[in-house]
Amino acid sequence: MDEQSSMIDPFGRAITYLRVSVTDRCDFRCVYCMAEDMHFLPKKDLLSLEELERLCNVFIEKGVRRLRLTGGEPLVRKNIMHLVRQLSGHLETGALDELTLTTNGSQLERFAAELAEYGVKRINVSLDTLDPEKFRAITRWGVLDRVMRGIDAAQAAGLRIKINTVALRGFNEEEIPEMLRWAHGRSMDMTVIETMPLGEVDVDRTDQYLPLSELRANLEQQFTLADIPYKTGGPARYVELTETGGRLGFITPLTHNFCESCNRVRITCTGTLYMCLGQEDAADLRAPLRASEGNELLSRSIDEAIGRKPKGHDFVIDRHTHRPAVSRHMSVTGG
Ligand code: SAM
Ligand code: SF4
């Protein structure tokens with residue numbers, strides 16, 4: 001349905017997928033994502049839920065068919081279910097094909113049933129280990145058992161779950177086979193993600209970096225990985241494990257394998273539009289949003305920004321300075 005989008009970038013890519021970071025706050029402090037003493041944005045800079053909804057509506061009118069809420073942790077935003085309910089109206093009219101979210105799972109026990117009620121069919125849950133102590137170490141503040149109860153609740157509500165795991169050298173490389181058996185045993189797909197150099201954190205990223213080519217070679221010692229054409233519209237390349245019958249996706253952001261088919265843009269909780277996760281260029285949509293009640297100005301600002309969507313990204317972990325290639329944190333743009 002890409003042809004129906006009025007948002008076509010200079011490289012002919014139709015923009016049909018929007019990721020919306022609804023908050024930069026989080027109840028975890030994952031070591032690769034945030035510093036322990038993260039400074040969050042002042043509340044006044046955040047878009048209200050009504051403003052976020054208006055922004056989403058305009059993107060949907062312009063051709064977005066799939067929308068993902070993320071963050072920070074989307075489920076810690078106050079009254080987030082109000083936004084989910086409002087957006088679910090677009091599922092009912094058929095304007096939107098999919099409404100989904102990426103979550104750390106901590107609040108799922110409370111919200112899973114409501115999400116399902118509002119037409120959410122599948123969600124991504126981020127989980128890097130099945131060991132409670134390691135979980136506490138990597139998230140700094142998280143409690144594994146709570147996330148597990150969230151996963152149970154989501155499955156009981158009929159939500160399909162994909163587990164997202166960041167591959168971290170010396171942390172979970174040995175455990176990933178077990179996690180795969182666990183996920184596939186519960187009918188959940190899994191995706192492994194390479195660490196991306198986004199924002200200053202307290203750890204040295206060059207130590208954490210585990211190339212997925214290496215992980216894949218290790219997995220091939222234990223499993224038969226069959227390449228499959230399965231696509232979710234995202235950057236993951238999928239294989240099927242013959243032994244488990246489940247799917248495993250690889251996201252390798254440091255390679256350029258998905259830029260050509262990139263159909264997505266991101267907005268932050270302050271209304272900044274990022275045309276590429278790996279580039280600094282952005283457009284402020286909050287000013288045009290607040291400048292008038294009508295959406296014309298906003299729509300024009302979006303068109304101008306899409307007109308600048310870059311061909312691809314430029315991630316590098318600089319081994320000399322150890323500084324991130326992109327200074328904003330993942331919790332700002334939402335991954
Ligand atoms: N809080 C939610 C969660 O954790 O799922 C949503 C936001 S989180 C920023 C989205 C995803 O980005 C998570 O799967 C997380 O593991 C991943 N992520 C965060 N920082 C990352 C980094 N530097 N490199 C790769 N993935 C990262
Ligand atoms: Fe929070 Fe998600 Fe970042 Fe972890 S990855 S600190 S859960 S936003």
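Which strands each supply at least two residues of the shell around ligand 1? I opened the model with that in mind, noting that it is a predicted one.

**Entry: the shell.** I looked up the strands. They are S3, residues 98–103, and S5, residues 160–166. Then I counted the residues around the ligand. I found that 17 residues surround ligand 1. Among the closest are Tyr32, Gly72 and Ser126. Val166 and Met196 complete that list of closest residues.

Entry: I sorted the shell residues by type. Nine are polar, five are nonpolar and three are charged.

**Entry: polar atoms at the ligand.** I checked Tyr32 again, this time for distances. A polar atom of the Tyr32 side chain sits 3.2 Å from an oxygen atom of ligand 1. I turned to Glu73. An N or O atom in the Glu73 side chain is 3.2 Å from a nitrogen atom of ligand 1. Thr103 came next. Here a backbone N or O atom lies 3.2 Å from an oxygen atom of the ligand. I then looked up how much of the ligand is covered. Ligand 1 taken alone exposes 550 Å², and the protein buries 95% of that.

**Entry: two helices.** I moved on to H3 and H5. How do their axes cross, and at roughly what angle? Helix H3 covers residues 108–117, and helix H5 covers residues 144–156. Their axes come within 8 Å and cross at roughly 15°. Angles under 35 degrees count as roughly parallel, so H3 and H5 are roughly parallel to each other. I also noted the handedness. H3 passes H5 in a right-handed crossing.

Conventions
Residues numbered from 1 in each chain as written. Chains lettered and ligands numbered in written order. Predicted model: local features only at pLDDT ≥ 70, side-chain atom pairs only at ≥ 80, totals over all residues. Heavy atoms only, no water. Near = heavy atom within 4 Å. Polar contact = N/O pair within 3.5 Å; in protein donor to acceptor, adjacent residues only side chain to side chain. Areas by Shrake-Rupley, 256 points an atom, 1.4 Å probe, with all protein chains shown as cover. Helix = DSSP H or I, 4+ residues; strand = E, 2+ residues; numbered from the N terminus. Nonpolar A, V, L, I, M, F, W, Y, C, P; charged D, E, K, R; others polar. Axes fitted to C-alpha atoms, helices over the stretch in contact; angles between N-to-C directions. Parallel < 35°, antiparallel > 145°, perpendicular 65-115°, else oblique. Left-handed = near helix turned anticlockwise from the far one by under 90°.
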